[in-house]
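Good morning, and thank you for making time for this presentation. I would ask you to keep the sequence and the model in view while I speak.

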Amino acid sequence: MELDSLKDIWKDLDETDLQPGRDVPISSMLHKRSQSTIARLKRNLNRELIAVLIIYSLTIWYIVTFKGMYSELAVLLALVGGAFLFYYYRKSKLLKQMECVACEVRSNLKQQLGTLEKYVRFYFIAGTILTPLAYFAAGLIIMFNAHEGNSHVVDVSIDAQTSVAQMPIAQHISNHRFFVLFLSIGAVLTLGSYFLNRWLIGKLYGQHIQKLKDLLQQMDEEA
């Protein structure tokens, strides 16, 4: 076992483990270190939950209060936030199972670590895809609602073709410069969200999952 790994394990030991003359097995050290790593994952997940609740709640409140004509945006954000809450519930439940003290550590980690990796991978893919989808959906909502007051002055007696041509959405799409700018921002946002999600998920979860993998390997070697 490498010196750095031993240092990390030593930091995770309780004061009772450090009493003079007390023999602490390596397996016990590894168990405590795995519990510590899972506790960090839970803290990061809870911090992410708090951040999402604050940001989404304030944004929805602002849209409903000051931008009533864009109420569809509030519904869109509520749906995305609800999906995250379901993801949080499932992942939090999994981490609690991984913390099971009564379980046999090695088999418990083997059983749950693969599921945790799938959750994180799905979260990364969903977050990367959802960002451009939400952007384009929000853009369509805004274009349909832009200058809503103007659409009410269209005479109902005008033929259907003229009415469609005068709708705000048609006016925006016919504006090629606006349309190209809209698509360009979407492309940049998609690329940026990919790298941001990759860095953030690696920071919050990836490095700790790798630590659990290393611990699992050390447990196999020690066995």
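This is a predicted model: local features need pLDDT of at least 70, side-chain atom pairs count only at pLDDT 80 or more; totals for chains, interfaces and linings use all residues.

**Surface, helices and cores**

The accessible surface of the protein chain comes to about 14,300 Å², and 64% of that area belongs to carbon and sulfur atoms. Accessible areas here come from the Shrake-Rupley method with a 1.4 Å probe, and for residues only the protein chains shown count as cover.

Residues are numbered from 1 along each chain as its sequence is written, and side-chain values use heavy atoms, with hydrogens and water left out.

The secondary structure of the protein chain consists of eight helices and zero strands. Both kinds of element are DSSP runs numbered from the N terminus: helices are H or I with at least four residues, strands are E with at least two.

How many of the 223 residues count as buried? The share is 31%, where buried means under 20% relative accessible area, exposed means over 50%, and partly exposed lies in between, with a 1.4 Å probe and protein chains only. Contact means heavy atoms within 4.5 Å. Among contacts between residues at least 6 apart in sequence, 76% join residues at least 24 apart.

Let me turn to the interior. In soluble globular proteins, nonpolar side chains tend to be buried together. A nonpolar core is a set of buried Ala, Val, Leu, Ile, Met, Phe, Trp, Tyr and Cys residues joined through side-chain atoms within 4.5 Å. The largest such core has 24 residues, and those with the most contacts inside it are F84, L95, M98, L113, L116, Y205 and L212. Helix 2 (26–66), helix 3 (71–98), helix 4 (105–145) and helix 8 (176–222) each give two or more residues to this core. Its largest share, eight residues, comes from helix 8. A second, separate core of six residues includes I63, L73, A74 and I141.

Among the buried residues of helix 3 are F84, Y87, K91, L95 and M98.

I come now to the aromatic rings. The structure holds eight aromatic pairs. Rings of Phe, Tyr and Trp (its six-membered ring) pair if their centres lie within 6.5 Å; planes under 30 degrees apart count as stacked, over 60 as edge-to-face and the rest as tilted. F84 and Y123 form a tilted pair, 6.2 Å centre to centre with 45° between the planes. Because F84 lies in helix 3 and Y123 in helix 4, the pair ties together parts that are 39 residues apart in sequence. Both F84 and Y123 are buried.

F136 and F182 form an edge-to-face pair, at 5.4 Å centre to centre and 80° between the planes. F136 lies in helix 4 and F182 in helix 8, so this pair ties together parts 46 residues apart in sequence. F136 counts as partly exposed at 28% relative accessibility, whereas F182 is buried at 12%.

Finally, what lies over the face of Y205? K91 does, at 3.1 Å from the ring centre. A charge sits over a ring if NZ of Lys or CZ of Arg is within 6 Å of the ring centre and within 35 degrees of the ring normal.
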